[in-house]
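Subject: Two-chain model, handover and findings

Hi,

Here is the structure we talked about. Please load it first, then read the notes below it.

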Amino acid sequence: MIPKELVAASAEALILSLLSKGESYGYAIIQEVRARSDNHLQWTDGMLYPVLHRMENNGWIKSRWVKMENGRKRKYYSLKKDGKDALDEQRTQWLKVHGVLTQLWGEKEQYV
Amino acid sequence: MSELEEKIAAWRGQLIAGGIESSAILDELESHLLEEVDIRLACGNSEAQAFEHAVQWMGALIHSGRFAMFNLDQAIAEWRRQMAAGGNKNSTILDELESHLRDDIRTRVAAGDLEARAFELAVAKMGSPSVVRNEFNKINRPTCWPVKIGISLWMVMAVLVAGVVARQFHFGKLTPLLTVHIMALTTGYLAVFLAGAFGLYYVGMQWSGKLSPQLQLSLYRAARAFTGISAGLIVAGLFLGTIWNKQIRGVYWGGSLREIGAVCVLMWLAVLWVMERRNQQNIYLRMLACVAGNVVVSLAWFGVVILMADPGLKYLGSYWPLEIFVAIHLVILALGFSRRFETAKA
């Protein structure tokens with residue numbers, strides 16, 4: 001299981017990446033992250049929504065309520081232009097971290 | 001039918017008479033009962049004793065209300081009440097969390113869980129009211145004190161301006177239109193100055209290395225908000241000014257330096273807006289632009305004195321405060337941009 005600090009740190013990048021594929025809602029986002037990570041990345045359900053609202057406050061994403069066939073409402077989120085820019089920046093940052101770690105671990109393997 | 005099966009059938013009949021009509025719930029209770037019977041049989045009880053003890057045990061469970069007549073809508077209404085009592089009072093947020101809860105329950109029920117059990121698990125996974133409240137409190141961080149002080153000062157100044165202008169109106173020196181025009185333009189200019197003050201504080205804290213992420217966000221949001229407020233007020237002021245011009249002078253646009261100054265400020269605010277749209281990630285540059293706004297407004301507001309020695313503004317007596325004000329800002333801007341380019345090169 002991935003520690004909660006790393007889960008929290010990666011939350012924005014994951015949400016932005018998922019929403020870049022199309023609009024989605026909270027429950028579906030959690031399910032997709034869980035499925036893609038083979039259950040290693042598990043968010044507390046109550047943690048996701050504050051992150052989504054913060055991203056909405058930042059102007060990265062927007063939301064709309066959609067009335068479902070059963071009469072209930074569901075809030076869908078989608079990416080805004082600012083969100084695409086934020087995703088580009090976060091992607092650059094995460095790739096840098098990934099690159100450094102890969103480089104370091106590559107060196108370690110050479111020594112081993 | 002064995003004796004045990006007969007007893008279980010009779011027991012089910014009692015439960016139905018007691019109000020538990022759902023066959024799914026009855027099946028789950030029966031399954032649970034049989035497990036309890038097996039445990040007691042394994043401990044050496046006779047079948048009759050094991051059944052009797054298991055029924056007593058199950059009785060406590062059933063009377064706890066967990067399975068009896070479960071109503072999802074009622075349970076969710078109660079959950080919402082508890083969330084609200086725990087400090088989560090925003091109904092829009094609760095609507096969204098409820099939508100999530102219902103999705104989770106639906107998935108669990110489809111996977112074979114009973115509705116009551118699915119509800120329990122989904123609620124547990126959502127987190128307690130205090131956990132949810134704490135998570136939301138993280139995004140609703142209080143505004144930093146420099147921002148609070150700045151906003152308070154602006155409000156005090158706005159009230160003072162309103163008081164002075166209202167006094168002039170009271171003594172018949174101003175028409176209602178001109179009164180509102182002056183109030184809108186003056187508070188709008190003050191709002192640009194406030195955004196500039198936030199920009200100065202931001203740049204100073206950045207240079208001293210004391211700019212926390214919270215302060216950064218707080219200052220940036222405040223500067224952005226006051227840039228918007230100032231734009232609205234100045235547009236309103238200009239609009240009222242044109243109407244006043246038409247009424248008094250017969251033309252909408254008088255072409256005075258004051259009017260040109262207001263248009264210049266508006267154009268600068270438009271530049272800030274374009275920067276906001278185009279330069280999303282560089283807050284530092286946008287805050288420097290707010291600092292530059294101080295120069296634009298000071299020249300548009302007081303600079304007309306230098307340009308045409310407007311008799312209405314001679315109370316300044318001397319122009320050196322304005323020159324020093326502009327000079328200091330230009331130095332800060334020059335340093336700010338040079339540091340920015342150094343960082344970009346590095």
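How many salt bridges does the structure hold over all chains? The count is 18. Keep in mind that this is a predicted model.

**Interface of chains A and B**

Start with the contact between the chains. Chain A gives 27 residues to it and chain B gives 26 residues. Together the two chains bury about 2,400 Å². Of that area, 49% lies on carbon and sulfur atoms. Three residues stand out on the chain A side: A:Tyr27, A:Asp45 and A:Tyr49. They supply 24% of the area that chain A buries against chain B, more than any other three residues.

Four salt bridges cross this interface. One salt bridge joins the side chains of A:Lys75 and B:Glu96, at 3.7 Å from N to O. Another salt bridge joins A:Arg72 and B:Asp73, with N to O at 3.4 Å. Where do its two ends sit? A:Arg72 is in the loop between β2 (61-67) and β3 (73-79) of chain A, while B:Asp73 belongs to helix α4 of chain B.

**Helices α4 and α5 of chain B**

Helix α4 (residues 72-85) of chain B packs on helix α5 (residues 91-110) of chain B. The angle is about 140° and the axes are 11 Å apart. Because of that angle, α4(B) is oblique to α5(B). Their crossing is right-handed.

B:Asp73 turns up again here, among the α4(B) residues that meet α5(B). Others from α4(B) include B:Ile76, B:Trp79, B:Arg80 and B:Met83. Across from them, α5(B) brings residues including B:Leu94, B:Glu98, B:Leu101 and B:Arg102. By class, this contact has nine nonpolar, one polar and five charged residues.

**Helices α8 and α10 of chain B**

The second pair is helix α8 (residues 145-170) of chain B and helix α10 (residues 213-249) of chain B. Their axes come within 10 Å and cross at roughly 20°. So α8(B) runs roughly parallel to α10(B). This crossing is right-handed.

Which residues make the contact? From α8(B) come B:Pro146, B:Val147, B:Ile151 and B:Trp154. From α10(B) come B:Leu215, B:Ser218, B:Leu219, B:Ala222, B:Phe226, B:Ile229 and B:Leu233. Ten of the residues in this contact are nonpolar, one is polar and none is charged.

Best wishes

Conventions. Residues numbered from 1 in each chain as written. Chains lettered and ligands numbered in written order. Predicted model: local features only at pLDDT ≥ 70, side-chain atom pairs only at ≥ 80, totals over all residues. Heavy atoms only, no water. Axes fitted to C-alpha atoms, helices over the stretch in contact; angles between N-to-C directions. Helix = DSSP H or I, 4+ residues; strand = E, 2+ residues; numbered from the N terminus. Parallel < 35°, antiparallel > 145°, perpendicular 65-115°, else oblique. Left-handed = near helix turned anticlockwise from the far one by under 90°. Contact = heavy atoms within 4.5 Å. Nonpolar A, V, L, I, M, F, W, Y, C, P; charged D, E, K, R; others polar. Buried area = accessible area lost by both parts, 1.4 Å probe.
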